[in-house]
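Subject: Structure handover

Hello,

The structure is below, with notes on what was found in it. Please read the notes alongside the model.

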Amino acid sequence: MKDQDARQAVQAAIRLVAPDLEPEDLEGRARLRQDLELDSLDFLRLVETIAQSTGVDIPERDYPAVATVDGLVSYLVNRG
């Protein structure tokens, strides 16, 4: 998966899970739980949405690697 495709998939998934976030909130270094204020249920919904839309499963052991918007994009680029 290319970087642009991964970034679009991440942004679309975040908008589904947290529709009240503004586009400027989705900057690369934004931490999903702390900065975007996704609670644990929102985070799990995000992981499920990413898996459904991209076919890339994210096991629990990899959650630290996908803690930021950029981390999630990189994860998809490397595994998608």
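**Salt bridges and charged residues**

Arg7 is partly exposed, with a relative accessible area of 23% (buried means under 20%, exposed over 50%, partly exposed in between; 1.4 Å probe, protein chains only). This is a predicted model, in which local features need pLDDT of at least 70 and side-chain atom pairs count only at pLDDT 80 or more, while totals for chains, interfaces and linings use all residues. Residues are numbered from 1 along each chain as its sequence is written, and side-chain values use heavy atoms, with hydrogens and water left out.

The whole structure holds four salt bridges (a side-chain nitrogen of Lys or Arg within 4 Å of a carboxyl oxygen of Asp or Glu). One of them joins Arg7 to Asp70 at 3.2 Å, N to O. That pair links distant parts of the chain, with Arg7 in helix α1 and Asp70 in helix α3, 63 residues apart (helices are DSSP runs of H or I, at least four residues, and strands are runs of E, at least two, numbered from the N terminus). Asp70 is partly exposed at 30%.

Arg31 and Asp35 form another salt bridge, with the closest N and O atoms 2.9 Å apart. Arg45 and Asp42 meet at 3.3 Å, N to O; they are three residues apart in helix α2, about one helical turn. Asp42 is buried, with a relative accessible area of 16%. Salt bridges that share partners join Asp3, Arg7 and Asp70 into one network.

**Core and aromatic pair**

The largest nonpolar core has 24 residues, and those with the most contacts inside it include Val10, Ile50 and Leu72 (a core is a set of buried Ala, Val, Leu, Ile, Met, Phe, Trp, Tyr and Cys residues joined through side-chain atoms within 4.5 Å). Helices α1 (3-17), α2 (40-54) and α3 (69-79) are the elements that give two or more residues to this core.

A search of the whole structure finds one aromatic pair (ring centres of Phe, Tyr and Trp, the last by its six-membered ring, within 6.5 Å; planes under 30 degrees apart are stacked, over 60 edge-to-face, the rest tilted). The rings of Phe43 and Tyr63 have centres 5.0 Å apart and planes at 80°, so the pair is edge-to-face. Phe43 is in helix α2 and Tyr63 in the loop between α2 and α3, so the pair ties together parts 20 residues apart in sequence.

**Backbone**

Glu37, in the loop between α1 and α2, has a positive phi near 55°. Glu37 is exposed at 66% relative accessibility.

Regards
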